[in-house]
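This briefing concerns a predicted model.

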Amino acid sequence: MSNVLRNIPSVRELLESPPLKSLVNRVSHNVVVGGVRRFLDDLRGQVQGTTGINIPSASELAERIAQWIAVTEQQPLRPVINATGILLHTGLGRAPLSDAAIAAVDAIAAGYASVEVDLASGERSQRVVAVESLLTRLTGAEAAAVVNNNAGATVLTLAALAAGRKVIVSRGQLIEIGGSYRLPEVMSASGAVLREVGTTNKTRASDYAAAIGERTAAILRVHTSNYKVVGFAEEAPLTDLVALGRRHNLPVIDDIGSGALIDLVPYGIRGEPVAGQSVAAGADLVLFSGDKLLGGPQCGIIVGRRTHIERIVKHPLMRALRVDKLTLAALAATLQAYRDPQLAERSIPVLSLLATPLENLRNRAERLSPQISATGVAIAEVIEDESYVGGGSVPSQTMKTICLALTSKSHQAAQLAAALRTGKPAVVGRIKDNRLLLDLRSVAPKFDVALVEAVQALARPHAAPASPPEPNPA
Ligand SMILES: *Cc1c(COP(=O)(O)O)cnc(C)c1O
């Protein structure tokens, strides 16, 4: 056994080999030496645990180690072509940014920025001044604040306005969004006390009225973003809650979720609350996400009455939830596009994808299908199907879409899906009836070439290993 161990080349010898030498030049001497040591330690462990193992030649070992280090050097966060059809896929990072937002981030990222300095006066300023005026202009609210996400906006708002006191919520609106967000838990984390009223399917304004007492701090309405209560069902209209709040001097907080800034009915999306409409109906505070239907960076937006916003931004949690310069830059650029709804539709990817007519998707699919079939990896058929907006938005509505349905003689749909997921660029589709569907609803046309190339890459042997090669000496 010790003889076998002696056959393992030294770190110094391995570093002289061409593949590792070139890796040192590309990455760093220390990173490569560390990688070689870890690989050799692993190899020694395996040799000691087994008998009859042959150590590969020094050059083969060097090749394997170089490949292994190269894989570990890949960025953990990798770009993905989203062919799931789900426009706001939380697992894939929700909304892609507009070119203007990307340019704004790019311009700010490398240097310093006027985050909290008013350049005209040289004085210290508030962090959100840059976007507050855009948000108030677009929603008609008096004031605005921006935090890390909508969950943060909810915790902060409740902590600032209702800690230790009761907040009335309908039993039909105690939402869960993607497991880690459950409204009752979010509320208890804020220190506010949940006062449930009504039933799962019916809650009337009179139920809220009957629950108001000395310790009531606010009325919270929550948009049921990812489900719908249908049938024998009733919700109190926002205007009734506003009237009730006014009578008892209680703020009405409206968590609208997606944060549509414009009416999305022309895009075939019904029932999504629009931030400005909620403000106009009299909600004292309106909360929404920046990276859902708004189509911007991840953030949570709070708009509403100045007195409430002032209390909110002074709360100590504000500092814990504040956004960085990159988010502010991307959000400002995204909001600027909304000053002209046509510009918004043209430039904000989520809106452009929503607005794409079915015929455009079909034309692209018919162009791409022979290109994909020509790779020899799979046969691509053009089919019509349905897709979802997703991201906790628009539960019951589907959009018509066009997909490339891939089948392969040699591979199951799941194998094809795995190979594309681990390819470069990574492509994520969906499986239906043992076919891999690549849904063009969520693929911007600028990714068409890359999509075909990703399939083409699977035609080459040893393309895109699904996992790092094991340091297996056998
Ligand atoms: C999505 C959603 C949230 C959570 O928003 P994040 O930005 O993901 O934190 C909260 N409330 C509603 C109604 C939502 O739809």
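The largest nonpolar core comprises 57 residues. Domain 2 (80-91 + 353-458) and domain 3 (99-340) both contribute residues to this core, so it lies between them.

**Nonpolar cores**

- Within the largest core, the residues with the most contacts are F288, V303, L335, Y338 and L354.
- Helix α15 (residues 325-337) gives the most to this core, supplying 5 residues.
- L335 touches V131, L134, L135, L138, L261 and L294, when residues up to four places away in sequence are not counted.
- Another core, of 31 residues, lies apart from the largest one, and its members include A145, V167, V186 and A218.
- In soluble globular proteins, nonpolar side chains tend to be buried together.

**Cis peptide bond**

- The peptide bond joining K424 and P425 is cis, with omega at about 0°.
- P425 is found in the loop between α19 (413-421) and β13 (426-428).

**Positive phi in residues other than glycine**

- N249 is a residue other than glycine, yet its phi is positive, near 60°. The loop between α11 (238-248) and β8 (252-257) holds N249.
- With a relative accessible area of 70%, N249 is exposed, because the cut-off for that class is over 50%.
- D433 is not a glycine either, and its phi is positive at about 50°. D433 is found in the loop between β14 (430-432) and β15 (435-439).
- D433 is likewise exposed, at a relative accessible area of 65%.

Methods
Residues are numbered from 1 along each chain as its sequence is written. This is a predicted model: local features need pLDDT of at least 70, side-chain atom pairs count only at pLDDT 80 or more; totals for chains, interfaces and linings use all residues. Side-chain values use heavy atoms; hydrogens and water are left out. A nonpolar core is a set of buried Ala, Val, Leu, Ile, Met, Phe, Trp, Tyr and Cys residues joined through side-chain atoms within 4.5 Å. Buried means under 20% relative accessible area, exposed over 50%, partly exposed in between (1.4 Å probe, protein chains only). Helices (H or I, at least four residues) and strands (E, at least two) are DSSP runs, numbered from the N terminus. Domain bounds come from an automatic or database domain assignment. Contact means heavy atoms within 4.5 Å.
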